Every structure is written in C-alpha cells, then in structure tokens.
Amino acid sequence: MYPRIVIDKEKYRQNVRMMKEKLAKKGIALAAVTKVFCAEPALVDVLVEEGVDYIADSRIENLKKVGPRAKRLLLRLPMLSQVEEVVAHSEMALVSEVETLIALEMAAKKLQKKYEVLVMIDLGDLREGVLEKDVDSFFSILPKFENLSIKGIGTNLTCFGGILPTKEALTRLLDVKKHVEATYHLELPIVSGGNSSSLYLLDEDGIPEGINLLRLGESLVLGNDTALLCPIEGLHRDIFTLEAELVEMKTKPSKPWGKQGADAFGNFVTFEDKGPMKRGILAVGKQDVNFSGLTPRENVECIGSSSDHLLLDLKMGDYHLGDIFTFDLDYGALLQLMTSPYVEKAVK
Ligand SMILES: *Cc1c(COP(=O)(O)O)cnc(C)c1O
C-alpha cells in the first residue's frame, strides 16, 4: 500500500546505541523521545532492548501504548483534566505549575502510586518553565507531598524563542539546583539540560558537570544537530523513507492557461513558462505531508501539491506509471506522515 513510510529499525538502533554511549562517557542519562514517530511499537522495542533510561513523549496516549516496559517520561506539561491518566501511564512528568503538582499528588494518592516530577526552569526560550526570578516563590509555597517526589529540574531551549543552550545558561540551571537544595531541604538528583540542541556542547566540553539527563528526539531519528543545523557525524540520516506511486505521467505546458483565479487553498500562484515539461503526479498530498519537507532521492523536482496529489517535474527521466518515488524527510514531514492514517508504516 502506498504512500508508505519505510522505517529502518537497525539504523535507528545504531543511532540510539552510539548516542547512549557518547552520553554515558559524560555521565549523562538518555531519555529517547518518541513523539515524532507516534511511539511506533517496533522503534519502542529497540529503545527497550537498548536499555535507554527513559522513553519520553509529549502525548500520554503514546506512553500508554509503550506500557510499563521502561520508565516513561511525559514531556508536555500535564493538563489538569488528565492527571489520573498521566499518573496511570507514566512514571515521571515535566511540570511548571504548583497547581499541577497538587493535582498529580491527589491523583497518585487515589491510584496508590508513587509519582516523580522534574520542575522546568525557563532560561530564556519562553516556552515552559518557572522563571529564574520566580524560583523562590515557586518552591517556598510547595506543600509536603507524600506520593509525589520532586526528583530534579530541567530546561527546554531552542523550541519557541530559538535560544540556544550554552555553558553559561546550563551553569545557571545548576545554580538553581544548588540554591533550591540549600534553601528548601530538597534533594534534586536529576538535572535535565535540554534536547538535541544541547548536543553540540558535548564536543566542546560545554556541558557543565552535574547536568545528567538529555531528552533526545530529532538527533536520534534524523541525525540532525539542531543547534548548528548540520548532520551529526556517525549518525544515520535516512532511517525513514517516504515512498509514493506515480498515477499520471504526461508532457504538458509548464504554465497553466485560461482565466486565472486562486488554487484549491485560496492562494494566488504564478508559474514561469519553461516550455513543455514531463510532469508526474504522485498519489500523496497535503493531507499526508507538506511537500516543502520532502527531498526527492530521484532526480526530480516537487513543483506543488493539492490535498491528495503531488506534482513533479520529472526532468527527462525514463519512468512508468506505477513507479515508486522515494523521499528524505525533514522533522515536520516525518511528524505529519507518521501521524497520517493514510500512510502505511512499514518496518524493515
Ligand atoms: C520534543 C521535546 C524534546 C526533544 O526535542 P528534540 O529537538 O527532538 O531532541 C525534549 N524535551 C521536550 C520538553 C520536548 O517537548
């Protein structure tokens, strides 16, 4: 069935293994993030087999699917309306509100379970987290918890504001830890220093001692250094391949003709007249993926798409109806394709 996404499980394993070893040398644990592939069971199996420290996802539905085979970390701040689900199907969550901590404690009591959290600190990216200036007002009003334990702190960068992790910023995070431990008699053994964008610091010795957990998604699945925007040496970048089938191939003019209006999405589009063009239509469209995130492996060019069709300039290539075209994916394209129920997932 096409379109389909072909997943090379062994290449993913090699990426996970290499990164886990690299982090272990610096005393850093690995939380492998599964959200971009919707916690696809075959890849979760790899993570369990490779013994990663945590399986992390932003959706509790995905962690429920993972099951209690590994320690599960919920990445998105829990909704008050779902705290019982959260406690039932994960072992740890990232949290930034006192009210949420209290709700989690109540849910944990009800379910007679112990539950752990990391308190997020916002170091400037302006997504989730307690601001450094508000750390005291946060920790000073915490009630005594019985079923809930605050296991540490964490931060998330390069997500909303595009602010990069630096040695200086991560040192501030460790200062927060020391201050909270000294002032509120809490022990915070875990300090999570960010996502794939923190990896570039490893090579320049920019991760200060004491940062002992990273949460990695994109680096493991696409081999991307998301801070330097370049490949990470030694990691596979072609674990996922989109395959789509040719349903029309004709030589047509390159410029539409007739009275010009908007396209199917209300956009006014213009095309350069390049003369006659050998054009192909693939049976994959915007309902599956935005073509801007696709890079064809064949020598063809994506020229546009509608809900269900992707148009290609086939150049002068020799193709036949029914041929399968293959594409590399960026993070957004991978996210969309894995989420689309119309795209088959084939593990090899
Ligand atoms: C998605 C996410 C990650 C992983 O980010 P990558 O850039 O894919 O490594 C880490 N932490 C949190 C809180 C996230 O939401």
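Reader: What share of the contacts in the protein chain with a separation of 6 or more comes from residues 24 or more positions apart?
Author: Those residues account for 64% of them, where a contact means heavy atoms within 4.5 Å. Bear in mind that this is a predicted model, in which local features need pLDDT of at least 70, side-chain atom pairs count only at pLDDT 80 or more, and totals for chains, interfaces and linings use all residues. Residues are numbered from 1 along each chain as its sequence is written, and side-chain values use heavy atoms, with hydrogens and water left out.

Reader: How many helices and strands does the protein chain have?
Author: There are ten helices and 19 strands. Both are DSSP runs numbered from the N terminus: helices are H or I with at least four residues, strands are E with at least two.

Reader: What makes cysteine 38 count as buried?
Author: Its relative accessible area is 18%. Buried means under 20%, exposed over 50%, and partly exposed in between, with a 1.4 Å probe and protein chains only, so cysteine 38 is buried. Cysteine 302, at 13%, is therefore buried too. Across the 348 residues of the protein chain, buried ones make up 50%.

Reader: How do you know that cysteine 38 is in no disulfide?
Author: A disulfide is a pair of cysteine sulfur atoms within 2.5 Å. By this rule the count comes to zero disulfides. For cysteine 38, the nearest cysteine sulfur belongs to cysteine 159 and is 17 Å away.

Reader: What span should helix H5 have, and how far apart are its end C-alpha atoms?
Author: H5 covers residues 98–110, so 13 residues, and should span 18 Å. The rule is 1.5 Å times one less than the number of residues. Its end C-alpha atoms are 19 Å apart, which agrees.

Reader: Which residues of H5 are buried, and what covers them?
Author: The buried ones are Val98, Thr100, Leu101, Ala103, Leu104, Glu105, Ala107 and Ala108. Their cover includes helix H4 (83–89) and strand S6 (115–122). Just after H5, glutamine 112 takes a positive phi of about 50°.

Reader: Where do H1 and H2 meet?
Author: On the H1 side, Lys9, Tyr12, Arg13, Val16, Arg17 and Lys20 take part; on the H2 side, Ala42, Leu43, Val46, Leu47, Glu49 and Glu50.
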